[in-house]
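Open the model in your viewer and keep the selection tool ready. We will go stop by stop.

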Amino acid sequence: MSSDLALTVKARAMFGKRLKDDDYYQLMQKRDIGEIAAHLKNETMFAEVLSGINERAIHRQHLESLLRKDIYIRLKKLMRYSGESDMSFISTFSMKSEITMILSCVRYIMNPDENIRDDMIASMPLFSAKYFSFDVRHLVEINDYGELIQFLSETPYRSILARYRHEKIEELDYLSLEHDMELLIFEKIFEAIGLYGKSEDGEKMKQIICQRAELMNLSIVYRLKKDFSTTAEKIEELLLPYQMHFSKKQLHEMIENSTSQEVLEAIRKKYRGYAKDITFTSIEHFIQQISYNMYHTFIEYETEPTLVLMSYLYLSDMEINNIITIIEGVRYKVSPDRIAGLLIY
């Protein structure tokens, strides 16, 4: 069996072991973190990563950390079938984790709240440190923006952070910083796609990544139109420079003239194949559900191995986020029906 075919077969087999409706239902009925951990350990594919835990004594943050570690265990299993282009995509997956931690550090510097720092420590992915370009453990020791820039001086993040340095840290343009960090990820993804040259698979990958960026843009447009008094010019500054179903002109006209409800209707129309039967609760949930439906389709019907790998990683990440949503819901005594409305699957 070729490595390409083996990767596709393995990823699909692993996806087949994902949590199903009944698993989520059972988890939402649990009374506490220990019962959730026990179910995951004894009844699901998380048995491996949770094999050594004492479910009666496990802390929420420890459980969430182990669940995030599981993605990298899955990744390690798939890497043996990966080629050069696949490894490039894997590095962008790690970059997303790096940027999440950097932005958490920036938020702490802007607002030194110990809850932010505690969350940073709890979510720190030390189990995947070998995939990172810097030692993430040092981030929790940084209290100054200039110190952060210096610490990341040998990474591609330095120039972006330096661009937004401000004498008054509270006036730092965080949204634009976040945008430029996200743009860096897409630039690296397109570099990885460049390894395909002008092949049919490469063009398909470009289209799918552009579609992902477009959905992120549409989410920004909807949210800023609905909840904030943001100028059209500022909204356009925060968008990624990629299109799929909406041209630049259409997007510009939408920003200038459409209401948030009209934006939502336009998304439903353009993405009707993936948006069918989605009940709208929030723009974030709506876009994530469209993305899930897209990647689910790709992993089932596409043959390009890197696309299957990428789809599996994103779907796995959504699955972990679902479990964490359930953990938080059970912790705060949220009703199962309300928790269910927040899940993506």
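Contact here means heavy atoms within 4.5 Å. This is a predicted model, where local features need pLDDT of at least 70, side-chain atom pairs count only at pLDDT 80 or more, and totals for chains, interfaces and linings use all residues. Residues are numbered from 1 along each chain as its sequence is written, and side-chain values use heavy atoms, with hydrogens and water left out.

**Stop 1: serine 219**

Select serine 219. It sits in helix H10, residues 200-227. Helices are DSSP runs of H or I with at least four residues, numbered from the N terminus. Is serine 219 buried or exposed? Serine 219 is buried, at a relative accessible area of 8%. (Buried means under 20% relative accessible area, exposed over 50%, and partly exposed in between, with a 1.4 Å probe and protein chains only.) Now show what serine 219 touches: Ile283 and Ile287, not counting residues up to four places away in sequence.

**Stop 2: two helices**

Two packed helices are described by the angle between their axes and the distance between them.

Colour the contact residues. On H10 they include Leu215, Ser219 and Tyr222. On H15 they include Ile287, Ile290 and Met294.

**Stop 3: tyrosine 274**

Select tyrosine 274, in helix H14, residues 272-275. It is partly exposed, at 21% relative accessibility. Which residues does tyrosine 274 contact, leaving aside neighbours within four places in sequence? They are Gln211, Ile290, Asn293, Met294, Thr297 and Phe298. Draw a line from tyrosine 274 to methionine 294. Their C-alpha atoms are separated by 6.2 Å, with the two residues 20 apart along the chain.

**Stop 4: glutamine 26**

Jump to glutamine 26 in helix H2, residues 21-28. Glutamine 26 is partly exposed, at 28%. From there to histidine 59 is 20 Å, C-alpha to C-alpha, and 33 residues in sequence.

**Stop 5: the cysteines**

Select cysteine 105, which is buried at 0%. Cysteine 210 is also buried, at 13%.

Note on methods:
Helix = DSSP H or I, 4+ residues; strand = E, 2+ residues; numbered from the N terminus.
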